[in-house]
Amino acid sequence: MIVRAHLTQETYRRLLEGALSPSEARALAEHLASDCPRCEELLEAGGRAGADPLDGRVDRALSGLTAARVADAGDDLEFERIQRRLASEARRGEPEAARPRHRRAWGAAAAAALVLVASAGALKWARAPRSGSESASWTGEKGRARAVPVRLRFLVLDPAGGIEKGVEGEAVRAGARLQFEIELGSAADVALVRVPAAGAPEVFLRERLGSGLTTVSVGGRPAAYPLEGLAGAQRFVAIASPDTLDERGIDAAAQALAPPARPDAAALLGLSLDAVEVDVAGP
Amino acid sequence: MLSPPQRLEPPREGGEQDDAAAVAAALRGDRVGQRALYDRHRPAVARIARGFAGLDADDVDDVIQDTFVRAFQSLAKLEQPARFGPWLLTIARNRALSRLARRRAGDQLVEELSREATALLEPDRLPDPDAEVELELVRRIIAELPEGAEKETVRLFYVEGGLSAREIAARLGVGKSAITMRLERFRAKVKRRLLAEVARLRGEESG
């Protein structure tokens, strides 16, 4: 049978099963190479009924369009919950039928546990925990009143290709890179500064950003900060201001944040800050 | 932008061989292998779940956990460990559809999607186009979309990637079902083109 007409469930099933002959497959490929609303309708309806291996390919391709969001990275608590369920279901020999919906509370606890706060005691910031990316309760308010709420988060990109959610204070390998996300409550001038334990701070990003979540990018592509050549504690600080953040202001703030940081430093007036710190292991 | 950033580089990603190694480790009972798979694929699983506007944040969390639990339980059935990614995403989509069906039916018990069990058991016999080729194909499809609501929705969800389907509905001021429909229509376009590519490769296999 040669397929010259529209796709059918039968043809589709045979292709998935590897039962379509090469000549049938070529005819099908030829037909599907052009726009065909009818075939798309069939595929759409099939997709609503359930996913098959081709759906997995589609989703793999679509997931490659953009870098992973920091907010979508996994965390220890969720992984532990998965492990507990695996152990529990292995003991019982069957899947859990229904589980209590307690994740919002757990999520808040997880967020609180993972809150990234600068280790400098001088920076007395407060934040409310939030659960998931859709929470509207988080204010992120720090610093002076009317400052822009800002949150800095990061992913650790391992040299071997692994991606992990960045955790404040953890050791990272020298060959790793950090991908930052900045969340703002309103539009602001933002600077990202690396403040080493010793030596001069380095301003490596200055940009006007809109409210919401932004992955640090270069030329429209997500970018990462390489830790190569660095060692020891490295503090990364996001400085945000609703007004213009000029060179002098950034330099003054960066110096004020360099150890030993001074509480209530004049240079930080009117600025919002968030910081993360990692310990770069030797090569 | 006030000044160009310094020292920043595009990210690198793990590949299929990394997955194969992690699957092998996980099958040996190595928890590190499971963790590697979880870390590598959790963002894509989350993205799939967030693409269903009918699911709330708790549902999304449930789908993510269910997906990894199902996958790790069924890992021994995966014949091609290098294809762990697409296999996992198939499970994720089915978990999301299943959750949606359960939600639509209220608290009534509904049958699991019968195709889910099939997807777990059936080997993936499709020819495998290069992932880069697939990605390029998707980019081309998006570029060819006429300007309008569908393209805007696709851009916000798949290209920018920062919003869930629910958030996009709120931002664009349209119903959740409209967003779901636009994303489904777009996926069907991508599926048709990938199917054509798969069929073309099958046609080249002999004769």
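Analyst: This is a predicted model.

User: What makes the contact of B:R40 and B:D19 a salt bridge?

Analyst: The label requires a side-chain nitrogen of Lys or Arg within 4 Å of a carboxyl oxygen of Asp or Glu. The side chains of B:R40 and B:D19 meet at 2.8 Å, N to O, so the pair qualifies. B:R40 belongs to helix 2 of chain B and B:D19 to helix 1 (residues 16-27) of chain B, so the bridge ties together parts that are 21 residues apart in sequence.

User: Which residues are joined into one network by salt bridges that share partners?

Analyst: The network consists of A:D52, A:D55, A:D59, B:R93, B:R187 and B:K191. Over all chains, the structure holds 36 salt bridges.

User: How do you know that the pair B:R42 and A:E78 joins two chains?

Analyst: B:R42 lies in helix 2 (residues 31-50) of chain B, while A:E78 lies in helix 5 (residues 76-92) of chain A, so the pair joins two chains. Their side chains meet in a salt bridge of 2.6 Å, N to O. Both B:R42 and A:E78 are buried.

User: Why is A:D189 called buried, and what is A:R208 called?

Analyst: Buried means under 20% relative accessible area, exposed means over 50%, and partly exposed is in between. A:D189 has a relative accessible area of 4%, so it is buried. A:R208 has 41%, so it is partly exposed. A:D189 and A:R208 form a salt bridge, with their closest N and O atoms 3.0 Å apart. A:D189 sits in strand 5 of chain A and A:R208 in strand 6 of chain A, 19 residues apart, and the pair links distant parts of the chain.

User: What is the order of the five strands in the open sheet of chain A?

Analyst: The order is 3-12-11-5-6, and the pairing is mixed. Strand 3 (171-172) and strand 6 (202-209) of chain A each have a single partner strand, so they stand at the edges and one side of each is left without a neighbour in the sheet.

User: Which strands does helix 7 of chain A lie across?

Analyst: Helix 7 (residues 247-257) lies across strand 5 (188-196), strand 6, strand 11 and strand 12 of chain A. The helix runs at about 140° to strand 11 of chain A.

User: What are the secondary structure counts of chain A and chain B?

Analyst: Chain A has seven helices and twelve strands. Chain B has nine helices and zero strands.

Methods: Residues numbered from 1 in each chain as written. Chains lettered and ligands numbered in written order. Predicted model: local features only at pLDDT ≥ 70, side-chain atom pairs only at ≥ 80, totals over all residues. Heavy atoms only, no water. Helix = DSSP H or I, 4+ residues; strand = E, 2+ residues; numbered from the N terminus. Pairing = 2+ DSSP bridges. Contact = heavy atoms within 4.5 Å. Axes fitted to C-alpha atoms, helices over the stretch in contact; angles between N-to-C directions. Buried < 20%, exposed > 50% of the residue type's maximum accessible area, 1.4 Å probe, protein only.
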